[in-house]
Amino acid sequence: MGTNRRLVLDVTVEEWRLAMDGMVRDAASRRSARQFHKPLPAPVTPLHRMNQPLRPTADEALAAYGAHRKHCSVCTGRTACAAGTRLTATYTRVKRQEHAEQLKAQAKRLKAPSRAEQWAAVAPVVQEAAIRRVGDELAATLQQLNGTLDRFERAQLDLRITELAETLWWRL
């Protein structure tokens, strides 16, 4: 139709209206295409953690040593083969590391006081400072009164004294 050609339609208005009604019903019954969103990819592993072997736990190292001793004919009593010696060394190293990590975590828990304990330690000092500040502001406000006040200044002063008294009451 965009080639600028003339078109002659030999259709009556009623036929054209019926055709249009059919097209509208057909278009209304169609559904739009469903959108499928791809899931976001997982974040990339940082370079410093790539290709690092997983560190076994002490229980896993002990289980590997036990399985080796069960099938090895050299590892009996106090003697061990090279693989058994290596597995024993791995177990003792991992056990020592886990014990050191547990001691560090325990020491950290013992050293670090909770927020409530930290606040309890400084609360009296903070409270005294707040009381002093409110008292100083009240004294300064009263010193400024060296004369008569009009009713607006008096209302403003009464409001400020009430605010300071409420602040002082909440601090006690």
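I take buried to mean under 20% relative accessible area, exposed over 50%, and partly exposed in between, with a 1.4 Å probe and protein chains only. By that rule, buried residues make up 9% of the 172 residues in the protein.

I note that this is a predicted model, in which local features need pLDDT of at least 70, side-chain atom pairs count only at pLDDT 80 or more, and totals for chains, interfaces and linings use all residues. Residues are numbered from 1 along each chain as its sequence is written, and side-chain values use heavy atoms, with hydrogens and water left out.

Overall form. I looked up the helices (DSSP runs of H or I, at least four residues) and strands (runs of E, at least two), numbered from the N terminus. The protein has five helices and zero strands, in the order α-α-α-α-α along the sequence. The radius of gyration (over C-alpha atoms) is 43 Å, well over the 16 Å of the globule rule (2.2 Å times the number of residues to the power 0.38), so the protein is more spread out than a compact globule. I read the span of the C-alpha trace along its principal axes as about 105 × 100 × 30 Å.

Contacts. Taking contact as heavy atoms within 4.5 Å, I found that residues 24 or more positions apart account for 48% of the contacts with a separation of 6 or more.

Surface. The protein exposes about 16100 Å² (Shrake-Rupley method, 1.4 Å probe), and carbon and sulfur atoms supply 58% of that area.

M23. I located M23 in helix α1, residues 13–29. M23 counts as partly exposed because its relative accessibility is 48%.
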